[in-house]
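Here is a note for a colleague opening this entry for the first time. The points are numbered and can be checked against the coordinates.

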Amino acid sequence: MSGQSITDRIAAAQHSMTGSAISKAVCKATTHEVSAPKKKHLDYLMHCTNELSVSIPHLADTLIERTANQSWVVVFKTLITTHHLMMYGNERFIQYLASRSTLFNLNNFIDKGALQGYDMSTYIRRYSRYLNERAMSYRLVAVDFTKMKRGIDGVMRTMSTEKLMKTLPIIQNQLDALLDFEASSNELTNGVINGAFMLLFKDSIRIFAAYNEGVINLLEKYFDMKKHQCKEALEIYKRFLTRMTKLSEFLKVAEQVGIDQVDIPDLSQAPSSLLQALEQHLASLEGKKIKELSSVNRYFTLKLPSLYRLHVDSLLTCNRDSSTSFICTLLSMSETALYISCEVGMTMLAKTVFQLKLYLCEILQYHFIMFNSCKGSISLRLFTNVHKMHAL
């Protein structure tokens, strides 16, 4: 199929006669043409969300009613249009969606009569579940994770322990729903599903940025938590590692379909020593026998993260020259510490300081990459370094 069908033209004419500009725009954005919704129609609807004279319930209800259509193309494009307005429209649009008791009820949707109907119906069901979860997240926390303030003074980095424990599982659920879309590059075979995948890709980067900063905050607070909090935080962190793996697979698909590598963050798994340190700390709180840590290792496990958090925070706020100078100063300090520890025969300390020196060199390398990267990718590019610092 190409172009508008006769049904599309008749529906648009009917809306013109009744004077419903919103309904007409929705109809034109969600035609039977196998391509993503046209930008001019999306722009018009996005503009409508900012007009106080426009009824947001009417706009949202019109979109939801459109998903009763039997065509996978129409329904898929309706979901894309809704997602686009969630991302770029006025916040009162997602506020209204979150206030509804039900949103999309497409768990049993299937188009048996069209080319690609069976395959695309699967992705429609998954996509609708993600949009439902996106609206639910907003209902639970009254904030859009893709739009919240980030950085060292951002929402997730400054959140209290209690609120963090409640918020991170909600982010996890939303990210899970997104990653459950599970389309391979071979299955992105038309403009409609490609349009949905692009919006999901953009959401995944923003959601993970908030998720990542929340986990950093969690790790910073971990050694000051009570036993039951540590237990819960450890489970949250383990689930975070699992989702990192799934997100990496999702981003590989994005790379395979031609999304610019500059826009794709390079995610690296945190070292296993970090997880071991967290587990050992919880075990000590529970009174279990654990492998005894040397005083030096205990110091580097518990104390150094605080010192190097200051370094990371300074990287986010200072210019290249001053932060490079700071790193070089730390390298000089580690060189001195390495010399002294070797002289007095403290082998374990020498080994640890040498490892620290290697990490600082790597940070310096990433530092130059960071300043040559787009601002929006900074927190993700620092991910590996942050976790390595916590693992020392």
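**Notes on the fold and its helix contacts**

1. Of the chain's 392 residues, 49% count as buried. The model is a predicted one, and every value below should be read with that in mind. The accessible surface of the chain comes to about 18700 Å², and carbon and sulfur atoms hold 54% of that area.

2. The secondary structure consists of 17 helices and zero strands. Among contacts in the chain with a separation of 6 or more, 77% are between residues 24 or more positions apart. The next points therefore go through some of the helix pairs, since two packed helices are described by the angle between their axes and the distance between the axes.

3. Start with helix H5 (residues 72-88) and helix H7 (residues 117-141), which pack at an angle of about 25° with their axes 10 Å apart. Because angles under 35 degrees count as roughly parallel, H5 is roughly parallel to H7. The crossing of this pair, H5 and H7, is left-handed. On the H5 side the contact is made by Trp 72, Val 75, Phe 76, Leu 79, Ile 80, His 83, Met 86 and Met 87. On the H7 side, the residues include Met 120, Tyr 123, Ile 124, Tyr 127 and Leu 131, along with Arg 134. Sorted by class, the contact of H5 with H7 has 14 nonpolar, three polar and one charged residues.

4. H7 also packs with helix H8 (residues 161-179), at an angle of about 165° and with the axes 8 Å apart. Angles over 145 degrees count as roughly antiparallel, so H7 is roughly antiparallel to H8. The crossing of H7 and H8 is left-handed. Arg 129, Tyr 130, Glu 133, Arg 134, Ser 137, Leu 140 and Val 141 of H7 meet Ile 170, Asn 173, Gln 174, Ala 177 and Leu 178 of H8. By class, this contact of H7 with H8 has six nonpolar, three polar and three charged residues.

5. H5 has a contact with helix H3 (residues 39-49) as well: the angle is about 50° and the axes are 10 Å apart. That makes H3 oblique to H5. H3 passes H5 in a right-handed crossing. Leu 42, Leu 45, Met 46 and Thr 49 of H3 meet Thr 81, His 84, Leu 85 and Tyr 88 of H5. The residues of the contact of H3 with H5 divide into five nonpolar, three polar and no charged.

6. Is Ser 204 buried or exposed? Ser 204 lies in helix H9 (residues 191-222), and its relative accessible area is 0%. Buried means under 20% relative accessible area, so Ser 204 is buried. Not counting residues up to four places away in sequence, Ser 204 touches Leu 178, Leu 247, Phe 250 and Leu 251. Of these partners, Leu 178 is one of the H8 residues that meet H7.

7. Leu 251 lies in helix H10 (residues 227-256). At 5% relative accessibility, Leu 251 counts as buried. Which residues is Leu 251 in contact with, leaving aside its neighbours within four places in sequence? They are Phe 201, Ser 204, Ile 205, Ile 264, Pro 265 and Leu 267. Leu 251 and Leu 267 are 16 residues apart in sequence, and their C-alpha atoms are 9.4 Å apart in space.

Note on methods
Residues numbered from 1 in each chain as written. Predicted model: local features only at pLDDT ≥ 70, side-chain atom pairs only at ≥ 80, totals over all residues. Heavy atoms only, no water. Helix = DSSP H or I, 4+ residues; strand = E, 2+ residues; numbered from the N terminus. Buried < 20%, exposed > 50% of the residue type's maximum accessible area, 1.4 Å probe, protein only. Contact = heavy atoms within 4.5 Å. Areas by Shrake-Rupley, 256 points an atom, 1.4 Å probe, with all protein chains shown as cover. Axes fitted to C-alpha atoms, helices over the stretch in contact; angles between N-to-C directions. Parallel < 35°, antiparallel > 145°, perpendicular 65-115°, else oblique. Left-handed = near helix turned anticlockwise from the far one by under 90°. Nonpolar A, V, L, I, M, F, W, Y, C, P; charged D, E, K, R; others polar.
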